[in-house]
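This briefing sets out the fold and selected local features of one protein chain.

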Amino acid sequence: MAQQRQPGQRQLRVGEEVRHVVAQLFLRGDLHDPALAGRAITVSEVRMASDLTHATIYVLPLGGENVDEVLKGLERAAPFIRGEIGRNVRLRLTPTISFREDKGFDHADRIDRLLKGTHGPTS
């Protein structure tokens with residue numbers, strides 16, 4: 001099994017800058033895709049490739065509803081989003097981008113329920 005390297009300071013800094021730019025786009029409502037209209041989307045993390053040529057953006061719509069529909073809308077909006085990243089983050093090359101569902105919240109909720117001794121959704 002290959003050992004994964006920890007991201008460097010530059011990767012972390014650029015990833016945070018990209019996260020901020022994308023989050024601002026969502027907050028301002030600059031995306032006009034029907035799948036994204038009126039949706040609150042959280043950008044939890046951006047992982048940059050070691051050479052900074054690709055960014056994987058982890059997102060989750062509020063309530064975790066219609067994730068697949070939102071991801072498809074984000075992929076359609078990717079050229080616009082990438083252009084905004086290029087205008088707002090100082091890099092030699094603008095990274096390609098892809099979107100993934102952030103499953104960290106589900107994982108944390110599952111662990112919390114296991115620790116509390118429940119197996120279903122909490123009320």
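A polar contact is a pair of N or O atoms within 3.5 Å, where, within protein, one atom must be able to donate a hydrogen and the other to accept it. By that criterion, the side chains of D33 and R76 are joined by a polar contact of 2.7 Å. The model is predicted. The protein contains three helices and three strands, and its elements follow the order α-β-β-α-β-α from the N terminus.

**Overall composition**

- The protein has 123 residues, of which 33% count as buried.
- Among contacts in the protein with a separation of 6 or more, 64% are between residues 24 or more positions apart.

**The sheet**

- Three strands form an open sheet in the order β1-β2-β3, and their pairing is mixed.
- The edges of the sheet are β1 (41-48) and β3 (96-101), each of which pairs on one side only.
- From one strand to the next, the twist averages 25°.
- Strands of a sheet pair through backbone hydrogen bonds, in either a parallel or an antiparallel manner.
- The strands β1 and β2 run antiparallel and are joined by seven bridges; here M48 has A55 of β2 as its bridge partner.
- Strand β2 (residues 54-61) runs parallel to β3, with six bridges between the two.

**Helix α1 in detail**

- With 20 residues, α1 reaches 29 Å from its first C-alpha to its last, close to the 28 Å expected at 1.5 Å a residue.
- The buried residues of α1 are Q11, V14, G15, V18, V21, V22, L25 and F26.
- The packing partners of the buried residues of α1 are β1, β2 and α2.
- On the face of α1 turned away from its buried side are the exposed residues Q9 and L27.
- The residue that follows α1 is G29, which has a positive phi near 75°.

**T56 in strand β2**

- T56 is located in strand β2.
- T56 counts as buried because its relative accessibility is 14%, below the 20% cut-off.
- Beyond residues up to four places away in sequence, T56 touches E45, V46, R47, S98 and R100.

- D33 is found in the loop between α1 and β1.
- With a relative accessibility of 13%, D33 counts as buried.
- Apart from its neighbours within four places in sequence, D33 is in contact with G73 and R76.
- D33 and A77 are 44 residues apart along the chain, and their C-alpha atoms are separated by 7.1 Å.

- L52 is placed in the loop between β1 and β2.
- The hairpin of β1 and β2 has five residues between the strands, and L52 takes a positive phi there.
- Most residues other than glycine have a negative phi.
- L52 is not a glycine, yet its phi is positive, at about 65°.
- L52 is buried, because its relative accessible area is 11%, under the 20% limit.

Key
Residues numbered from 1 in each chain as written. Predicted model: local features only at pLDDT ≥ 70, side-chain atom pairs only at ≥ 80, totals over all residues. Heavy atoms only, no water. Pairing = 2+ DSSP bridges. Helix = DSSP H or I, 4+ residues; strand = E, 2+ residues; numbered from the N terminus. Axes fitted to C-alpha atoms, helices over the stretch in contact; angles between N-to-C directions. Buried < 20%, exposed > 50% of the residue type's maximum accessible area, 1.4 Å probe, protein only. Contact = heavy atoms within 4.5 Å. Expected span 1.5 Å × (residues − 1).
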